[in-house]
Amino acid sequence: MATRDIVFIALFAALMAALGLFPPLMIPGLGIPITAQSMGPMLIGGILGARRGFFSMLLFLALVAVGLPLLSGGRGGLASLVGPWSGFIFGWALAALVIGFMVERVWSRLDFVRAFAISVLGGIGIIYGVGVPWYSAMSGMGLVEAFTGSMIAFIPGDLIKAGIAAAVIVAVKRAYPLITPQLSRSRA
């Protein structure tokens, strides 16, 4: 891994920490906060690509695990990774990987619509795919009940975050692309 890659991985882990500075909005009765950090994997995967995005999220999660208060609301440590919302946090790394993979595949044709669709699929679909079963298991709710009774309230905000992430991804691609097209990589 090149020094440039390591710098971007650390820089975007810091971006994820900066998104944690926005205070969480707790929905009464759910115990799961609405945070700006759920937009982080969309941005990180879409701007850095699969490999660097995944490692950036792993670095962030490792820093949280060792106790740094980087999660929204100043939470950190192993205890913050075992609550009812923790499945969503673990979904961040997989989401960044999937989003980065999809963005790399459509890089030459990447526009706002594609970036938005990828952000929704990876940033909402993957994160919920990991987080809802975890929440269901931790809360004692059934899987369908956990989604329809609890998570559905988060979808409008997550769609807004996906739109913001898509706009930023496309703007960065035009101004300072960090992902190289697939054809260039195969020759390197």
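This is a predicted model: local features need pLDDT of at least 70, side-chain atom pairs count only at pLDDT 80 or more; totals for chains, interfaces and linings use all residues.
Student: Let's start with Ser56. Where is Ser56 placed?

Tutor: Ser56 sits in helix H3, which covers residues 50-65.

Student: Why does Ser56 count as buried?

Tutor: Buried means under 20% relative accessible area. Ser56 has 0% relative accessibility, so Ser56 counts as buried.

Student: Which residues does Ser56 touch, not counting residues up to four places away in sequence?

Tutor: With those left out, Ser56 touches Ile9, Phe12, Ala13, Ile44 and Leu48.

Student: On to helix pairs. At what angle do the axes of H3 and helix H4 cross?

Tutor: The axes of H3 and H4 (residues 86-105) cross at roughly 165° and come within 7 Å.

Student: What makes H3 roughly antiparallel to H4?

Tutor: Angles over 145 degrees count as roughly antiparallel. The crossing is at roughly 165°, and that makes H3 roughly antiparallel to H4. As for handedness, H3 passes H4 in a right-handed crossing.

Student: Which residues of H3 and H4 meet?

Tutor: From H3, they include Arg51, Phe54, Met57 and Phe60, and from H4, Ile89, Trp92, Phe101 and Glu104 are among them. The residues of this contact of H3 with H4 divide into 12 nonpolar, two polar and two charged.

Student: Which residues have the most contacts inside the largest nonpolar core?

Tutor: Those are Met57, Phe60, Trp92 and Leu110, in a core of 50 residues. Helices H1 (3-19), H2 (40-48), H3, H4, H5 (112-139) and H7 (155-175) each supply at least two residues of this core. H4 gives the most, with nine residues.

Student: What does Trp92 touch, not counting residues up to four places away in sequence?

Tutor: On that count, Trp92 touches Met16, Gln37, Ser38, Pro41, Met57, Phe60, Leu71 and Ile127.

Terms used. Residues are numbered from 1 along each chain as its sequence is written. Side-chain values use heavy atoms; hydrogens and water are left out. Helices (H or I, at least four residues) and strands (E, at least two) are DSSP runs, numbered from the N terminus. Buried means under 20% relative accessible area, exposed over 50%, partly exposed in between (1.4 Å probe, protein chains only). Contact means heavy atoms within 4.5 Å. Axes are lines fitted to C-alpha atoms, for helices over the stretch in contact, and angles run from 0 to 180 degrees between N-to-C directions. Angles under 35 degrees count as roughly parallel, over 145 as roughly antiparallel, 65 to 115 as roughly perpendicular and the rest as oblique. A crossing is left-handed if the near helix is turned anticlockwise from the far one by less than a right angle, and right-handed if clockwise. Ala, Val, Leu, Ile, Met, Phe, Trp, Tyr, Cys and Pro count as nonpolar, Asp, Glu, Lys and Arg as charged, and the others, Gly among them, as polar. A nonpolar core is a set of buried Ala, Val, Leu, Ile, Met, Phe, Trp, Tyr and Cys residues joined through side-chain atoms within 4.5 Å.
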